[in-house]
Amino acid sequence: MDSVMLGRIQFASTTIFHFIFVPISIGLALLIAIMESMYVVKGNEQYKQMAKFWGKLFLINFAVGVVTGILQEFQFGMNWSEYSRFVGDVFGAPLAVEALLAFFMESTFIGLWIFGWERLSKRVHLASIWLVAIGTMLSAFWILAANSFMQRPVGFEVHNGRAQMTDFFALITNGQLLLEFPHTVLAAYMTGAFLVTGISAYKLLRKQDVSFFKKSFQVAIIVGLISSIGVALIGHGQAQFLVKTQPMKMAASEGLWENSGDPAPWTVIASIDPEKQENKAELKIPYLLSFLSYSKFSGEVKGMKELQAEYEVKYGQGDYIPPVRTTFWSFRVMVGSGAALIVLALYGTYLMARGRLESPNKWFMRFMVFAISLPIIANSAGWIMTEIGRQPWTVFGLMTTEAGISPNVSPGEVLFSLITFSAIYTILGVLLVFLFVRVIKKGPNETVTAQVHSLDPFDMDKEGGYHVVS
Amino acid sequence: MLSLNELWFILVAVLFIGFFFLEGFDYGVGMATAFIGRTDTERRVLINSIGPFWDANEVWLLTAGGAMFAAFPNWYATMFSGFYLPLVFVLLALIGRGVAFEFRGKVDSSGWRKTWDVVIFAGSLLPPLLLGVAFASILKGLPIDKNMHMHAGFFDVVNVYTLIGGITVTLLCLVHGLLFATLRTTGDLQARARNLAHKLLFPLAAAFIVFGTMTFVMTDVFKVHGVLLTIVTIAGACAFILSGAFMKLKKDGWAFGMTGAMIALSIASVFIGLFPRVMISSLGHAFDLTIHNASSGAYSLKVMTIAALTLLPFVLAYQLWSYFVFHRRVHEKEHLEY
């Protein structure tokens, strides 16, 4: 295999892995901030216990997210040096701002939050977790600003073979970003929310710490409901934007070889043959693609064949059709998971409103445990569609993925790093699950039995002891 | 008047100085767990002494990388692709060490904890060693061609000169970390940290002298910036002597300040020696990367300058505040988070 393929596999695998943990961190940070706010406002100890219990999972997850993120920043220069040279002027700025504005904030205040329960006042401690939550959100904004440039380059001019920034404001008001950012962040809130409802459902099924997990479920299901609906609404906006800015990706995600005709039907499933450039069997819903693309029941969507011809005129000879099957199916997996999550959130909220969480429908609660995985699957599928659908471009219309590779790095070196990182990531994944299961099994009250009061008067805990000597 | 290219060169230098000063001591503490942490509890105390800080300290490296990417894309691209394998190991070390701090205390089993102790030691040793090797090789010059592509063989990066550079940085971080430990621990552990720091002064001096002499002979940096580098070297030597004196007097805070000064001066001298180059080509000075041919456009630098000068004061303020919040020593008997 050549460096480009290996580099792509490495980027895909490390990014997908990284982005399992990132949304969980963003989502849990918000939920913990809400829980701790309720503790500070209401003075109910149970909310503090909730912040601490979910905080444990958050920290395990956060650690994996942070360390896998370091690699992301290095990877551009290591594997994609020509890409970095070409776009650094534009792409580097949001990354640097992300580090300055978000990473410092997250990392400093997470330290204050973990170690500050007894050293900070309630309000300052609460402010710390809010700053962590805001930091994770800002981080998302800046990295997505960089990504949006790759999808829809704005605010630049090409000089001496390099993209140079000419308008920073255009970069951060990129239409792509204004949709991609809320979509991604809401999806992250949804991910955190369904993690909490899933674990709570598991505990409620076993009748363990019922009041604790009922409260957790309640907080999370509301966040889950709002965010899952929000994700879908913004997703609709993104489809309309996509038709205008990256029509090829739109056509590929619909498996649309020929122009759709007006009104355009939506293909639910299809057997796609990229060799012959046709679909063998299709199941279609009339009008729906027109609605998805233009919010009305008329309008034609261009097919890949016509777009290929247009791109050849514009960009020269080449194959501008992305891997169609992957783009098509990843879109459907994302939408399907997202729709299922909305239904679950609605029913969960209904159960909560009727006060039936203590004697729940067993099958529903079991499904909620399984539903922990759905947002994670949807997140990955969404990104696979976004990134695979942009191929062969790395920066749409400006630079192909192939041209971005480091010419001075050998395939052997990339293979070596691919193998070692995959191995270490596998170990990390296993350890994380192992630690998660331990924390969940122990439940929120594990520390009560092991309580020992500090012997140091300076470190005496005013709240009644949370000291463990081990 | 300072040009923006010069300003960004200085800012990148400042970010690396901040990184080595801050993360330097937590690398040192990480390494020290293997030398002065005799029991599990002592090792825990050491890890907890850097617990609230290490993550934010590491962000200095990420910010330095981000600043290079934004302000000098060619520098970032050449350096990161050129040092491919060393950076793979730096990343492995940083990944292992980061999760080790978080995971170690989560399971109460000696096998589990000892495994993470090894990861913490190796993860704290490798980054200063490898980054020291990398910076030394940059000073010496690397085969960079006319397209700014670096094709370095193993011995271009790893040789006697660069290894001594790596060892110097590692020893410096270790002493710096031991002195940080004296500030956040008590009793026996504190005394052991102070003693070891004092004992390491001799090897550190030897490493400095050998590396300095070789730099004088093997690189052109003293020819280019002789006066300034001589001043920095003398200042560094003074800081060194003072740190030894303060250790003897058990003025740990002052001693720590002096090793911090040594780190700042050492990293500064690397950047002074390079200026206005950012990477030296061993294939001819026409191929050197400089603050001009490696940089972003003027507009981008201007935007970045505004962002950096607005944000850095806040960052410094809340980071300093976090050190103030956790200024008390870590006791064995208290609740240890890690």
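Select A:Y287, which sits in the loop between β4 (278-285) and α9 (288-294) of chain A. Helices (H or I, at least four residues) and strands (E, at least two) are DSSP runs, numbered from the N terminus. The phi angle of A:Y287 is near 70 degrees, a positive value in a residue other than glycine. With 44% relative accessibility, A:Y287 counts as partly exposed. For this tour, buried means under 20% relative accessible area, exposed over 50%, and partly exposed in between (1.4 Å probe, protein chains only).

A word on what you are looking at: this is a predicted model, in which local features need pLDDT of at least 70 and side-chain atom pairs count only at pLDDT 80 or more, while totals for chains, interfaces and linings use all residues. Residues are numbered from 1 along each chain as its sequence is written, chains are lettered from A and ligands numbered from 1 in the order in which they are written, and side-chain values use heavy atoms, with hydrogens and water left out.

**Staying in chain A**

Next, pick A:E282 and A:K284. Their side chains meet in a salt bridge, at 3.4 Å from N to O. The term stands for a side-chain nitrogen of Lys or Arg within 4 Å of a carboxyl oxygen of Asp or Glu. A:E282 is partly exposed, with a relative accessible area of 38%, and A:K284 is partly exposed too, at 40%.

Now go to A:N160. Where does A:N160 lie? You will find A:N160 in the loop between β1 (156-159) and β2 (162-165) of chain A. Its phi is near 45 degrees, again a positive value in a residue other than glycine. Is A:N160 buried or exposed? A:N160 is exposed, with a relative accessible area of 78%.

Move on to A:P392, in the loop between α13 (373-388) and β5 (393-395) of chain A. The peptide bond leading from A:Q391 to A:P392 is cis, with omega near 5 degrees. A:R390 is buried, at 4% relative accessibility.

**Over to chain B**

Chain B has a cis peptide bond as well, joining B:F275 and B:P276, with omega about 0 degrees. Look for B:P276 in the loop between α12 (252-274) and β1 (277-279) of chain B.

Then select B:R113 and B:D40. They form a salt bridge, with the closest N and O atoms 3.0 Å apart. This pair links distant parts of the chain: B:R113 belongs to helix α6 and B:D40 to helix α2 of chain B, 73 residues apart. B:R113 is buried, with a relative accessible area of 4%, whereas B:D40 is partly exposed, at 24%. Over all chains, the structure holds 21 salt bridges.

**Where the chains meet**

Show both chains together. Here 74 residues of chain B are in contact (heavy atoms within 4.5 Å) with 78 residues of chain A. The area buried between them is about 6,900 Å², of which carbon and sulfur atoms give 72%; buried area is the accessible area (1.4 Å probe) that two parts lose on being put together, summed over both. How many salt bridges are counted between chain B and chain A? The count is zero.

**Into the core**

For the last stop, select A:W54, B:F16, B:W75, B:F271 and B:M279. These have the most contacts inside the largest nonpolar core, which has 258 residues. A nonpolar core is a set of buried Ala, Val, Leu, Ile, Met, Phe, Trp, Tyr and Cys residues joined through side-chain atoms within 4.5 Å. Helix α3 (residues 81-115) of chain A gives the most to this core, with 20 residues. Apart from this core lies another, of 28 residues, among them A:A251, A:L289, A:M304 and A:Y311.

Finish by zooming in on B:M279. Not counting residues up to four places away in sequence, B:M279 touches several residues, including B:W75, B:I138, B:L142 and B:D288.
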